[in-house]
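I opened this notebook to record what I looked up along the backbone. The structure is placed below, and my entries follow it.

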Amino acid sequence: MKKLFTALLALSIGLGGFAQEKEHSCPTSDLKSPDGTQIHRCKHSGIIKTKVPQRPDGQTDLVGFRTAPMDSVRVGFIGLGMRGPDAVRRFGLIDRTSVKAICDKYQDRVDKTQKKLLSTGRPAADEYVGEEAWKQLCERPDIDLVYIATDWVNHVPMALYAMEHGKHVALEVPAAMNLEECWQLVDTAEKTKRHCMMLENCVYDFFELTTLNMAQKGLFGDILHVEGSYIHNLEDFWKHYEGNWRLDFNEKNRGDVYATHGMGPAAQLINLHRGNKMNYIVSMDSRPLTGPKHVKNILGRDSSDFKNGDHTMSMIQTENGQTMHIQHDVMNPRPYSRMYQLTGTDGFANKYMKEGYSFRDASIIEGVPDHEDLNAHTFVPDDVKEALMEKYKHPIQAEIEEVAKKVGGHGGMDYIMDYRLVYCLLNGLPLDQDVYDAAEWSAIGELSRISIENNSAPVEVPDFTRGAWKKLNGYHHYMKGE
Ligand SMILES: NC(=O)c1ccc[n+]([C@@H]2O[C@H](COP(=O)([O-])OP(=O)(O)OC[C@H]3O[C@@H](n4cnc5c(N)ncnc54)[C@H](O)[C@@H]3O)[C@@H](O)[C@H]2O)c1
C-alpha cells in the first residue's frame with residue numbers, strides 16, 4: 001500500500017513538473033475584493049499535486065459533525081512520558097469524566113501516573129503495560145475516548161485501531177506524520193463516524209483566543225496575512241524522549257515536522273475549511289548543522305545524512321487570497337517563539353517577541369483609555385492593550401480562566417483544551433478541532449518536504465474535506481444549546 005502510494009505520488013509529482021513546462025496561459029482567478037470587484041491575478045500553474053483518494057461510496061464528510069450528548073466521558077490514556085501524565089491529572093480535575101485505564105510500555109511510568117491521578121481524589125485506573133497492551137485498552141467496551149500521547153509514529157496506528165473499535169480519539173501533535181497517514185485518519189473517522197481531534201493546545205492560549213475574538217468582531221478588517229512558528233531550542237529535552245524517537249525522526253525526515261503549534265491559531269483566524277482553504281505551499285530550509293551535533297553528543301556517532309534543516313520556512317497561499325508564513329527551528333539558541341502574527345486591512349496583532357496590537361483607525365477601539373492618541377505606526381500603549389484584551393476576552397476564557405490558571409498546563413491552555421473537548425462531547429457539539437484540522441495542519445510536514453526536495457516548487461495542499469470546505473461560514477466555538 002505504502003509502495004503504491006509513493007509510486008502514485010512520484011507520478012503526480014512528475015505530471016506536476018510536466019504541467020509546469022507546458023502551461024503558459026494565465027487563467028483569471030475568481031478572487032473578489034470586499035466590495036465585489038473582480039481581482040485580476042494569474043492562478044498559479046505548474047503546481048505539484050499529490051494524490052487525493054476518492055471518498056469511498058457510502059461515506060460522507062464530517063464538517064460540523066456531532067454525536068449524541070453524553071452523561072459522562074470515560075477515558076483511556078496511552079503514552080505516559082513527559083506529556084501524558086499531566087493530561088491524566090487534568091482529566092482527574094474535570095467534572096463528568098472518569099479515567100478508566102492508563103497504558104505505557106513501562107510499569108514505572110504507569111505507577112507515576114497512577115499517583116498523579118490519585119492525588120486528584122479520583123479512584124485508581126486499570127493498568128496496561130507493554131508494547132501491545134494499548135490494543136486491549138482500545139477494545140474495552142466501557143471507554144468513550146482514547147487519548148494518545150506517545151511518540152509520533154505510533155499516533156496513527158493507535159488512532160485507527162481505537163476508531164475501528166468505536167472510540168473517539170484525541171491525539172497529540174502532530175496527529176499524523178505523512179500524507180498517507182492524514183488520509184487514513186480522515187477516511188477512518190468518516191467511515192466509523194467517530195471524532196478524531198488533534199490536541200493542539202496553542203489555539204487556547206489567552207492571547208490567541210482574545211485575538212481570534214477581536215478578529216471575528218472585525219477589529220483588524222480583512223485579514224491578509226498570518227504567521228506562526230515553532231521556534232524552541234530543544235537542547236535540554238532531546239535525550240529525554242523515550243528511545244530517542246524525536247531526534248531520530250528529525251534525522252530521517254526533511255520538512256517542517258512540527259508545524260501544528262504555528263498552524264493552528266493561524267488557521268482559525270482565516271477560517272480554513274470553513275469557507276476558505278489552503279491552495280499551495282512553497283518551502284525552503286537551511287543546512288542542518290546543529291542537528292548532527294546532537295546526534296554526536298547523545299548517540300556518540302556521526303550523522304552524515306541528517307535530513308531536517310535547522311531552520312525550515314513555508315509560505316502558503318489560500319483560496320481567499322491570504323498568505324501564511326510558518327517556521328520551524330528546534331535546534332538553535334533563540335528565544336521561544338510561536339510567532340502568531342496577523343496583518344489586516346485595519347489592524348495588526350503580534351504575540352512574540354512583544355505582544356501588541358496596532359490599528360489604522362483609533363475609533364474602532366473607542367471605550368478604552370487614550371484611544372485618541374493612537375497611531376497606526378506603533379503598538380497601542382500597554383494600558384490600552386490590557387483594556388482591549390479585557391473588553392474582548394473570549395467567552396470560553398471568561399468562563400473558565402480562573403480554574404484553568406489554577407490547574408495549569410502551559411499556563412492554563414492545556415486545561416482549556418481538555419475542558420472544551422469534554423464540554424463538546426457532553427453536549428453533543430461539533431469539536432473545536434475536527435479531523436480535517438488534524439490532517440491539514442499535520443500535512444505541512446510532508447508537503448513542505450516535497451516542495452524543498454523540488455527546489456521550493458509550489459505543492460498543492462489537498463482538500464481533505466473533498467469539496468465540503470464551503471459548507472460552514474467561518475470558524476466557530478460551539479456553545480451549549482447551539
Ligand atoms: N502539545 C504540546 O504542547 C506537547 C508538548 C510535549 C509533547 N507533545 C507531544 O506529546 C507526545 C509525547 O511526547 P513526550 O514528550 O511525552 O514523549 P516521551 O518520549 O516522553 O513519551 C512517550 C511515551 O509513549 C510511550 N509509548 C511508546 N510506545 C508505546 C506503546 N506501544 N504503548 C504504550 N506506550 C508507548 C513511551 O514509553 C513514553 O512513555 C508527542 O506526540 C509530542 O509531540 C505535545
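I first noted how elements are named: helices (H or I, at least four residues) and strands (E, at least two) are DSSP runs, numbered from the N terminus. The model is predicted, so I kept in mind that local features need pLDDT of at least 70, side-chain atom pairs count only at pLDDT 80 or more, and totals for chains, interfaces and linings use all residues. Residues are numbered from 1 along each chain as its sequence is written.

Entry on His273. I located His273 in the loop between α9 (260-269) and β8 (278-285). I read its phi as near 50°, which is a positive value in a residue other than glycine. A residue is buried if 20 or more other C-beta atoms lie within 10 Å of its own, exposed if 12 or fewer, and partly exposed in between, with C-beta atoms placed from the backbone.

Entry on Met339. I found Met339 in the loop between β10 (323-329) and β11 (341-344). Its phi is near 60°, again positive in a residue other than glycine. Met339 has 21 C-beta neighbours inside 10 Å, and therefore counts as buried.

Entry on cis peptide bonds. I recorded a cis bond joining Val173 and Pro174, with omega about -20°. Pro174 belongs to the loop between β5 (168-171) and α6 (179-192). I also recorded that the peptide bond from Tyr352 to Met353 is cis, with omega near -5°. Met353 lies in the loop between β12 (347-350) and β13 (356-359).
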